[in-house]
Amino acid sequence: MSTAKALKKVVAAVILDLDGTLIHTDGILGDVLKALLLKYGKQWDGREAQKIVGKTPLEEATIVVEDYELPCSTDEFVTQITPLLYDQFCNIKALPGANRLIKHLSDHNVPLALASNSPRAYVESKISYQQGWKETFSVIIAGDEVRAGKPSPDIFLEAAKRLGIEPSRCLVIEDSLPGVTGGKAAGMEVVAVPSIPKQTHLYIAADEVISSLLDLQPEFWGLPPFDDWIDGTLPLETWHIGGPVVKGFGRGSKVLGIPTANLSTKGYSALLSEHPSGVYFGWARLSTQGVYKMVMSIGWNPYFNNTEKTIEPWLLHEFDGDFYGEELRLVIVGYIRPEANFTSLESLIAKIHEDRRIAERALDIPLYLKYKDDPYLKGSSL
């Protein structure tokens, strides 16, 4: 993928955060908190999610105990929640782009450290379920191995010391504000990948803010570039989603002149939370009409300021009428770009049509064309 950016700074090592940066733990933590709080007659509503991102487990517990006025001490709460979390660590998934980034840096012999606010035992358990990760990191350092966790710079300074590289030559990749603050306090370059939706504006201290690891351009930091982009597209491990076509916001055809076939997000919120906002493409099957090329957006659509994360596929075919209620199945095969805001409706429409051209060309490439016969598209039931 080409870039118009100028080289920012040449770094010699990369220090990665774990939770929310490399692995998707928010959903697991939310499910565990929901179950535990229910025992106290309380309902987890996610309102503390933003407060606890990047915090140590003890800090997280303190926030929950205080905010929900639980009749237990912070230590007691930690004792209760710890075994529940351990039971779920095996279900944690790597975030999109995580394995790709780790393998790329390892293949190019870039010194790599993992720096997490979690206790060592948590870190060891979490990464044990991610194939090859433990062996890939030259240094793994946890929050209970330094005097103070993030936002203190201690964990990053210790990582640099163990790597044998000057802090100023290290690049930190973080999802949380405490992590960004700690990385900058350590004198390092910091790329933020915010894990809380619609909070990009808070990360002003970071040297760069990206939507997901899929958008990281290592050459911007003097590191070897990825070589896996094909004609403006990034091949992905395929994933599927489907359901009846529902009425959307009414703006696809009327405002944009682009007839999107909206899918209900009911039952798919967990799946959508695993995939970064952005523009994707692949193949779509309407149960009574056939298989078509498709480009789609996932996200909050900043121009229209959606209040929930949506999925809006555009089937690249001229249809005679609408098909509300018809079963639609999608196989997503690649990624085009991150979600973006636009200064005008015209610039938004122009970009959407550019996405269409990129997707239409790419889907003729054998690598993507083969998925037109994906078994999921031919299945008889969802």
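Predicted model: local features only at pLDDT ≥ 70, side-chain atom pairs only at ≥ 80, totals over all residues.
Biologist: Stepping back, how many helices and strands does the chain have?

Modeller: There are 13 helices and 14 strands in the chain.

Biologist: What box do the C-alpha atoms fill?

Modeller: Along the principal axes, the box is roughly 65 × 55 × 40 Å.

Biologist: What share of the residues is buried?

Modeller: Of the 382 residues, 51% are buried. As for contacts with a separation of 6 or more, 69% of them join residues 24 or more positions apart.

Biologist: New topic, the open sheet. In what order do its strands come?

Modeller: The sheet has 6 strands, in the order S10-S9-S14-S11-S12-S13, with antiparallel pairing.

Biologist: Which strands stand at the edges?

Modeller: Those are S10 (262-263) and S13 (310-315). Each has a single partner strand, so one side of each is left without a neighbour in the sheet.

Biologist: How many bridges join S12 to S13?

Modeller: S12, residues 290-299, is joined to S13 by 6 bridges, and the two run antiparallel. Within S13, Ile311 stands opposite Ile298.

Biologist: What about the loop between S12 and S13, which lysine has its place there?

Modeller: Lys309 sits in that loop.

Biologist: Is Lys309 buried or exposed?

Modeller: Lys309 is buried, and it has no salt bridge. Glu339 is the nearest side chain of opposite charge, 8.0 Å away. A salt bridge needs a side-chain nitrogen of Lys or Arg within 4 Å of a carboxyl oxygen of Asp or Glu.

Biologist: Then which backbone oxygen does the side chain of Lys309 reach?

Modeller: It reaches the backbone oxygen of His275 at 2.7 Å. A polar atom of the Lys309 side chain also lies 2.7 Å from the backbone oxygen of Leu272.

Biologist: What else is Lys309 in contact with, leaving aside its neighbours within four places in sequence?

Modeller: Its contacts include Thr265, Ser273, Pro276, Ser277, Ile298, Gly299 and Trp300.

Conventions: Residues numbered from 1 in each chain as written. Heavy atoms only, no water. Pairing = 2+ DSSP bridges. Helix = DSSP H or I, 4+ residues; strand = E, 2+ residues; numbered from the N terminus. Buried < 20%, exposed > 50% of the residue type's maximum accessible area, 1.4 Å probe, protein only. Lys, Arg positive; Asp, Glu negative; His and termini not counted. Polar contact = N/O pair within 3.5 Å; in protein donor to acceptor, adjacent residues only side chain to side chain. Contact = heavy atoms within 4.5 Å.
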